[in-house]
Amino acid sequence: MKMLDRARGFAEPLLERAQLDTGENTWSHAQAVAQILQHIGGSEAMQAASFLVYTCDHLNKPYEVISQAFDENLAGLAVETTKLMRVQRQTAAHGAYRDGAKNAIGFFARLACGDAAFGIALANPALLSRQ
């Protein structure tokens with residue numbers, strides 16, 4: 001089974017009823033991110049990571065679980081990206097969410113994974129709703 005199919009199967013039961021802070025369904029958002037990555041030529045690993053990132057909030061030990069199910073690289077990417085997304089949420093909650101800060105998470109995700117589109121898509125759910 002392909003990594004992307006495994007990631008979808010792993011994430012769907014955790015995400016299908018979850019919602020982002022924006023109210024958007026998390027499963028739908030993860031699918032949209034993966035679709036955008038595919039459209040722009042993102043690797044299968046990047047598409048798989050778009051699902052795994054959102055599972056971290058639903059796992060007690062995300063690094064360990066994702067490492068066992070996939071590999072340490074995807075686990076590290078998912079966990080570190082999730083940390084950055086939490087910082088973004090905290091910043092927004094404290095009213096310091098400015099246009100420059102809005103894209104900071106995308107910048108750090110790009111550094112972590114080497115794929116600019118992945119970071120931008122994860123950081124800006126509003127971009128996905130403009131399809």
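This is a predicted model: local features need pLDDT of at least 70, side-chain atom pairs count only at pLDDT 80 or more; totals for chains, interfaces and linings use all residues.

Which residues of α5 are buried? I went through the helix and listed Leu-74, Ala-75, Leu-77, Ala-78, Val-79, Thr-81, Thr-82, Met-85 and Gln-88.

**Overall layout.** I counted nine helices and zero strands in the protein. Reading from the N terminus, I get α-α-α-α-α-α-α-α-α. The chain has 131 residues, and 40% of them count as buried. I also looked at contacts between residues at least 6 apart in sequence: 57% of these join residues at least 24 apart.

**α5, length and cap.** Next I checked the length of α5, residues 72-93. With 22 residues at 1.5 Å each, α5 should span 32 Å, and I find its end C-alpha atoms 31 Å apart, so the two agree. At the N-terminal end of α5 I found a cap, Asp-71. One of its side-chain oxygens sits 3.0 Å from the backbone nitrogen of Asn-73.

**α4 against α5.** I then turned to what α5 packs on. The axes of α4 and α5 are 7 Å apart, at an angle of about 145°, and I logged the crossing as right-handed. From α4, the residues I see in the contact are Pro-62, Tyr-63, Ile-66 and Ser-67. They meet Glu-72, Leu-74, Ala-75, Gly-76, Ala-78 and Val-79 of α5. Going back to my buried list for α5, I find Leu-74, Ala-75, Ala-78 and Val-79 among its entries.

**α1 against α3.** How do these two helices cross? I get axes that come within 9 Å and cross at roughly 15°, for α1 (residues 3-15) and α3 (residues 44-55). The angle is under 35 degrees, so I put α1 down as roughly parallel to α3. α1 passes α3 in a left-handed crossing. On the α1 side, I noted Met-3, Leu-4, Ala-7, Arg-8, Phe-10, Ala-11, Leu-14 and Leu-15 in the contact. On the α3 side, I noted Glu-44, Ala-45, Gln-47, Ala-48, Phe-51, Leu-52, Tyr-54 and Thr-55.

**His-58.** Leaving aside neighbours within four places in sequence, I have His-58 in contact with Leu-14, Leu-15 and Ala-18. His-58 and Leu-15 are 43 residues apart along the chain, yet I get 8.3 Å between their C-alpha atoms. Leu-14 and Leu-15 also turned up in the α1 contact with α3.

Note on methods: Residues are numbered from 1 along each chain as its sequence is written. Side-chain values use heavy atoms; hydrogens and water are left out. Helices (H or I, at least four residues) and strands (E, at least two) are DSSP runs, numbered from the N terminus. The expected span of a helix is 1.5 Å times one less than its number of residues. Buried means under 20% relative accessible area, exposed over 50%, partly exposed in between (1.4 Å probe, protein chains only). A polar contact is a pair of N or O atoms within 3.5 Å; within protein, one must be able to donate a hydrogen and the other to accept it, and residues adjacent in sequence count only if both atoms are side-chain atoms. Axes are lines fitted to C-alpha atoms, for helices over the stretch in contact, and angles run from 0 to 180 degrees between N-to-C directions. Angles under 35 degrees count as roughly parallel, over 145 as roughly antiparallel, 65 to 115 as roughly perpendicular and the rest as oblique. A crossing is left-handed if the near helix is turned anticlockwise from the far one by less than a right angle, and right-handed if clockwise. Contact means heavy atoms within 4.5 Å.
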